[in-house]
Amino acid sequence: MVAGIVSAVVNTVAGATLGGLLAGPVGLLAGAMAGLVPGAVFAGAVATAGVYPRGRRGFLLFLVDHTWSLPNTVLGAVYLALHLAAGHTLDRPGSRHACRVNVVEPVWARYATTLGTVCAGSGPRVQRHEDTHILQARLLGPLYLPLVAANYALFTVAPVWWLWHDHAGAPINRFRRYFEVGVYPHVWHEAHAYRVQGRPPR
């Protein structure tokens, strides 16, 4: 319960701070409201699913998620709120003491997707892969999302991955496959996660 309350407060303060910096007093209020709604949803999941266990591990990861990695946690809170608004289901057993929030339904049928500490559509066959993204975000903090975006942009317009891509096993013969089996599995955070668990799309 305490973790949920602290999480809601931190998300609200983060929204208010950003809004205040961008638009003054009006932005402060708008940002606080924008942070409060997803923050409250995320806090509810943290509290009711027992996401962070008592003890050193739970405390340290909660602290990282709400300080150094706060931008990722805020994005994850928004992501979770959108899932629940769409009628998706919180996976409480999968979230309990996992230091992450799991949602049962995926965004896309073939893929699990993780933003911040929120995993959607994950399961035993891909959970270590998704947990690797959470670790990457925790290590890199506010640098994580810009580095991911920059790599996607670079590999889209300058496909240097073409030099080491497995063209026989994963041929790129349609526009969609340029992104699905070309850009996507070669960006640094996905290449790292696939080395931990799973096989890139073919």
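1. Contact here means heavy atoms within 4.5 Å. Leaving aside neighbours within four places in sequence, leucine 80 is in contact with Val41, Phe42, Ala45, Val101, Val103 and Val118. The model is predicted: local features need pLDDT of at least 70, side-chain atom pairs count only at pLDDT 80 or more, and totals for chains, interfaces and linings use all residues. Residues are numbered from 1 along each chain as its sequence is written, and side-chain values use heavy atoms, with hydrogens and water left out.

2. Buried means under 20% relative accessible area, exposed over 50%, and partly exposed in between (1.4 Å probe, protein chains only).

3. Helices (H or I, at least four residues) and strands (E, at least two) are DSSP runs, numbered from the N terminus. In soluble globular proteins, nonpolar side chains tend to be buried together.

4. The aromatic pairs number nine. Rings of Phe, Tyr and Trp (its six-membered ring) pair if their centres lie within 6.5 Å; planes under 30 degrees apart count as stacked, over 60 as edge-to-face and the rest as tilted. Among the nine, tyrosine 111 and tyrosine 184 make an edge-to-face pair, with 5.7 Å centre to centre and 75 degrees between the planes. This pair links distant parts of the chain, 73 residues apart: tyrosine 111 is in the loop between β1 (101-103) and β2 (113-115), and tyrosine 184 is in helix α7 (residues 175-186). Tyrosine 184 counts as buried, at 16% relative accessibility.

5. Phenylalanine 155 and tryptophan 164 have ring centres 6.5 Å apart and planes at 65 degrees, so this pair is edge-to-face. Phenylalanine 155 is buried at 9% relative accessibility, whereas tryptophan 164 is exposed at 52%. Elsewhere, ring pairs join Trp161, Trp162, Phe175, Tyr178 and Phe179 into a cluster.

6. Five salt bridges are counted, a salt bridge being a side-chain nitrogen of Lys or Arg within 4 Å of a carboxyl oxygen of Asp or Glu. One joins aspartate 131 to arginine 100 (3.1 Å, N to O). Aspartate 131 lies in helix α5 (residues 127-140) and arginine 100 in the loop between α4 (92-95) and β1, so the bridge ties together parts 31 residues apart in sequence. Arginine 100 is buried at 12% relative accessibility; aspartate 131 is partly exposed at 25%.

7. Arginine 202 and aspartate 166 also meet in a salt bridge (2.8 Å, N to O). Here arginine 202 is in the segment after α8 (188-196) and aspartate 166 in the loop between α6 (144-157) and α7, 36 residues apart. Arginine 202 is partly exposed at 43%, and aspartate 166 is partly exposed at 36%.

8. In helix α7, glutamate 180 and arginine 176 are four residues apart and so separated by about one helical turn. Their salt bridge has its closest N and O atoms 3.6 Å apart. Glutamate 180 is buried (12%), while arginine 176 is exposed (58%). Both belong to a network of salt bridges that also links Arg110.
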